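Reader: Please take a close look at one part of this model, the pockets, and say what lines them.

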Amino acid sequence: MTQSRLNLIALLCLLALAVALVSQHVFNMPPCAWCVLQRLILLLIAGVCLLGNLIPGAAKRMMALLSFALSIAGIVAAWYQHTVAAEMVSCDRTFADIFMSRTTGLDSLAPWLFGIYATCMDAKVSVLGVEYVLWALLLFVVLLVLSGYALFGKTQRTSRI
């Protein structure tokens, strides 16, 4: 049961990444540094959850714990983007910019996915009347709840009659 929950989390993360890429490449909504940091967090959560398919039963809880911790990181990133970074003229030299550009170099390795093309203030966009970053925040909260359920929830046991 834990693995099916982890697979659901991975699916939600990959769907969110697909929505972000469609938003960027089809609807011309360029991402900021905090946006691409959240993309990385989603990818890490998906990878951790899918890795659970390759490990034995009890260790799956460790994957749920990692997913739980990464979901908290996503919440912090989205909250910071919404409350602080979106009011800044430039995301340059913020943690997200330094980490994504200078530490990981992912923006140059996969610019179609991790390229930083807007400031946080410019990336402030509403979808269905709600800021895009608040949708991301809501997603990370859902991922946190699902990860907690995978981590702490009871596993379903089948009995043989």
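**Pocket linings**

Author: H2, helix H3 (60–83) and helix H4 (95–104) each give at least two residues to the lining of the second largest pocket. Helices here are DSSP runs of H or I with at least four residues, numbered from the N terminus. The model is predicted, so to speak of local features takes pLDDT of at least 70 and side-chain atom pairs count only at pLDDT 80 or more, while totals for chains, interfaces and linings use all residues. Residues are numbered from 1 along each chain as its sequence is written, and side-chain values use heavy atoms, without hydrogens or water.

A pocket is an open set of points on a 1 Å grid over the protein atoms alone, where a 1.4 Å probe fits and protein lies on both sides within 12 Å along at least five of seven lines; lining residues have an atom within 4 Å of a point. Volume is the space filled by probe spheres set on the points, which are joined across faces, edges and corners.

The second largest pocket holds about 160 Å³. H2 supplies the largest share of its lining, 5 residues. Among the lining residues are Trp-34, Leu-70 and Phe-95. By class, the lining has 11 nonpolar, no polar and no charged residues. Nonpolar means Ala, Val, Leu, Ile, Met, Phe, Trp, Tyr, Cys and Pro; charged means Asp, Glu, Lys and Arg; the others, Gly among them, are polar.

The largest pocket has a volume of about 580 Å³. Of its 28 lining residues, Ala-20, Tyr-132, Val-133, Trp-135 and Ala-136 lie nearest the centre. Helix H7 (132–152) is one of the helices that supply at least two lining residues, and the largest share, 7 residues, comes from H7. This lining divides into 21 nonpolar, 4 polar and 3 charged residues.
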